[in-house]
Amino acid sequence: MAVTVFAFACHPDDIEFMMGGTLFLLREAGCTLHYMNLANGNCGSVDLPPDQIAARRRQEAMSAAALLGAVYHESLVGDLEVFYTPELIRRAAAVMREVRPDILLLPSPQDYMEDHMNTCRVGVTAAFCRGIPNYITDPPRPPVFQDVVLYHAMPYGLADGLRRPIDADLYVDIGPVIDRKEAMLACHESQKKWLDASQGLDSYLATMRDMSAEMGRRSGRFRCAEGWRRHAHLGFSARETDPLAYLLAGKVLKAPGTSL
């Protein structure tokens, strides 16, 4: 039976920047992939109004998901509307119960942007509530009684909001798929102009490659890497397991001192 992996991030292109290489490797390992951006990207433009840029970014995200071979799920809120509220958690939990992930890939709990950190919190709670019968989702979905293992990606910029570096527990060698990761990120054509204007990026794609190369350097072994931290298993699985390390055996390196 195929392992189901759910990439649950914030804005269109967040999955591509921080998770894309690992997802291509998981697809090669036979996993079923699901792709969701909680926010629709409606603030990501200097010239298009919210409805137009949201529609464009939806199409870009759908193209990226298709290139990856993942099932696409619709966004639930606008940019800067990602808050840890009962209403949003119930909606996210409904999707979580529909997908029934074995592995849940989430943003870092520490990041430079509140939307990213709030997405992490919403995703963690939505997964925690998946098997609670008295927790009613929106729309209502039956509870799911199966283990799920949560992993957190590196933050964009590889540091928290106070500039402190975030270190990985697990490094994934994405060198063999870095070109495919770049092609997936390149689907988000609208974002080069936006990030050039809002964050001063000289090259959208080169920034991704630079972060991948830095993670490779931190691993001490790989040319390009993505880093992951595993969430505590309590409340999510019966025992502590590390399916990424198992599924991607030979392509991962655990940081010294990391258990299991």
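How do the axes of helix 2 and helix 6 cross, and which residues of the two helices meet?

Analyst: The model is a predicted one, in which local features need pLDDT of at least 70 and side-chain atom pairs count only at pLDDT 80 or more, while totals for chains, interfaces and linings use all residues. Residues are numbered from 1 along each chain as its sequence is written, and side-chain values use heavy atoms, with hydrogens and water left out.

Helix 2 spans residues 20-28 and includes Leu26; helices here are DSSP runs of H or I with at least four residues, numbered from the N terminus. Leu26 counts as buried because its relative accessibility is 0%, the term buried meaning under 20% relative accessible area with a 1.4 Å probe and protein chains only. Beyond its neighbours within four places in sequence, Leu26 is in contact with Val5, Cys31 and Leu33, and also with Leu244, Leu247 and Leu248. Contact means heavy atoms within 4.5 Å. A separation of 17 Å lies between the C-alpha atoms of Leu26 and Ala183, which are 157 residues apart along the chain.

The partner, helix 6, covers residues 178-186, and its axis comes within 9 Å of that of helix 2, the two crossing at roughly 115°. Axes are lines fitted to C-alpha atoms, for helices over the stretch in contact, with angles from 0 to 180 degrees between N-to-C directions. The crossing is right-handed, a term for the near helix being turned clockwise from the far one by less than a right angle. On the side of helix 2, the residues that meet the partner are Gly20, Gly21, Phe24, Arg27 and Glu28; helix 6 contributes Arg180, Lys181 and Met184. By class, this contact comprises 4 charged, 2 polar and 2 nonpolar residues. Asp, Glu, Lys and Arg count as charged; Ala, Val, Leu, Ile, Met, Phe, Trp, Tyr, Cys and Pro as nonpolar; the others, Gly among them, as polar.

Lys181 of helix 6, one of the residues that meet helix 2, is also touched by Ser212. Ser212 belongs to helix 8, residues 204-219, and its 2% relative accessibility is why it counts as buried.

Key
Buried means under 20% relative accessible area, exposed over 50%, partly exposed in between (1.4 Å probe, protein chains only).
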